[in-house]
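Let's take a walk through this model together. Please keep the coordinates open in your viewer as you read.

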Amino acid sequence: MSGLVKAKKYDWKDSNLALFGSDTEKNVKKEAAAGEKAWEGAGEKPGLEIWRIVKFKVTDWPKEDHGKFFDGDSYIILNTYKEKESDELLYDVHFWIGKHSTQDEYGTAAYKTVELDTLLNDKPIQHREVQNHESELFKSYFKELQTLDGGADSGFRRVGPKEYKPRLLKVNDEGRNKVRITEVTYCKESITPDNVYIIDNGLEIVQINGANCDKDEKFAAVQHIQKLKSERGGNVKTETKEGGYGGLPSGVPDTEEPGDEDFEPTIKKLSDASGHLQITDTSGFSKSVLDSKDELLDEDQSPPRSSICCEGGPKIILSRTEWQPDDRRLCSWTASIPIRL
């Protein structure tokens, strides 16, 4: 039979992937990262730095807004610190994804997080944070963690009192002098007797104390209202009510998201022992299933809240001492960002 031609075999080493993971590629990435103006001075001294993604660009998030996140945005958070009796700077870098953040924004946040990691010589430990399911490490940075609807451009300082959209805030005392303030649907059906709420109408603020609320939550609400008054120049009328609805309209309250305790943790194994990469389940969720020659991907929450980070992180069991390049590459893609171990 004529006309048959044997298929040509290609070697990936002859492609543009040949330099993937090489020193050359790392140097090119580092030079590109150094060209990002937002990273100037980043990680040079201990402290917390936060950036917000705006139209594919990294913009500084002011210190007075640290701890305040809008669910329509994505953010990058860098914590720089030193261990006791050491001058070496260490890093944890997080990217926080609002539940209504666009794919473009959180994709940019993930990419820029990797870029910052590269600039800091791959020293940071990377963490992916999802709204309402943040790690304990992330929450430890803030005395008050506040999540609001919309984007940062809907804040009081941006729109002014006339255009400001009223908000209903739920106050939760999380212990250890930590407070969580979450925006809920602006309606009386959102009010429960077990919590404290703040009706924020811009220049009029009402605190509602539920009949069974915690005294620490009452105090936290008072402190937050004082903070709002200070931010708005003090020209704010405030009122406190024991029970009631504070004139809120009727409506449909938010449906509570399932908590982390509702998800069954699993560990998946990534291996190329069969000649091609495979992902398989392991038996159980403990360190006993770990093998230093394999890549292990932890899914401690259901998609899209799956995550991956180093062993010793807030939620994850992950161990690796001997790398196969392809294993790491697939694990990195599965987790959305490369993880340094």
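What follows goes from the sheet to the helix across it, and then to salt bridges and backbone angles. This is a predicted model, in which local features need pLDDT of at least 70, side-chain atom pairs count only at pLDDT 80 or more, and totals for chains, interfaces and linings use all residues. Residues are numbered from 1 along each chain as its sequence is written, and side-chain values use heavy atoms, with hydrogens and water left out.

Let's begin with the sheet. Five strands make up an open sheet in the order 2-1-4-5-6, and their pairing is mixed. Strands here are DSSP runs of E with at least two residues, helices are runs of H or I with at least four residues, and both are numbered from the N terminus; two strands pair if DSSP finds at least two bridges between them. Strand 2 (57-60) and strand 6 (125-130) each have a single partner strand, so they stand at the edges and one side of each has no neighbour in the sheet. On average, neighbouring strands of this sheet are turned by 25° against each other, direction ignored. Strand 4 (residues 74-82) and strand 5 (residues 89-97) run antiparallel and are joined by nine bridges. For a landmark there, find Thr80, which stands opposite Tyr91 in strand 5.

Now turn to helix 2. Helix 2 (residues 103-119) lies across strand 1 (47-54), strand 2, strand 4, strand 5 and strand 6, and runs at about 25° to strand 4. Such angles run from 0 to 180 degrees between N-to-C directions, with axes fitted as lines to C-alpha atoms, for helices over the stretch in contact; contact means heavy atoms within 4.5 Å. The expected span of a helix is 1.5 Å times one less than its number of residues. For the 17 residues of helix 2 this gives 24 Å, and the end C-alpha atoms are 24 Å apart, which agrees. Helix 2 is mostly covered, with twelve of its 17 residues buried, where buried means under 20% relative accessible area, exposed over 50%, and partly exposed in between (1.4 Å probe, protein chains only). Among the buried residues of helix 2 are Ala109, Val114 and Leu116.

How many salt bridges does the structure hold? There are twelve, each being a side-chain nitrogen of Lys or Arg within 4 Å of a carboxyl oxygen of Asp or Glu. Arg52 forms one with Asp73, and their closest N and O atoms are 3.2 Å apart. Arg52 lies in strand 1 and Asp73 in the loop between strand 3 (68-70) and strand 4, so this pair ties together parts that are 21 residues apart in sequence. Both Arg52 and Asp73 are buried. Another salt bridge joins Glu136 to Lys139, again with the closest N and O atoms 3.2 Å apart. These two are three residues apart in helix 3 (residues 136-139), and about one helical turn separates them. Glu136 counts as exposed, at 56% relative accessibility. Glu36, Lys112 and Glu115 are linked in a network of salt bridges.

Finally, have a look at some backbone angles. Phe56 is not a glycine, yet has a positive phi of about 75°. Phe56 sits in the loop between strand 1 and strand 2 and is exposed, with a relative accessible area of 53%. Asn132, also not a glycine, has a positive phi of about 75°; Asn132 is in the loop between strand 6 and helix 3.
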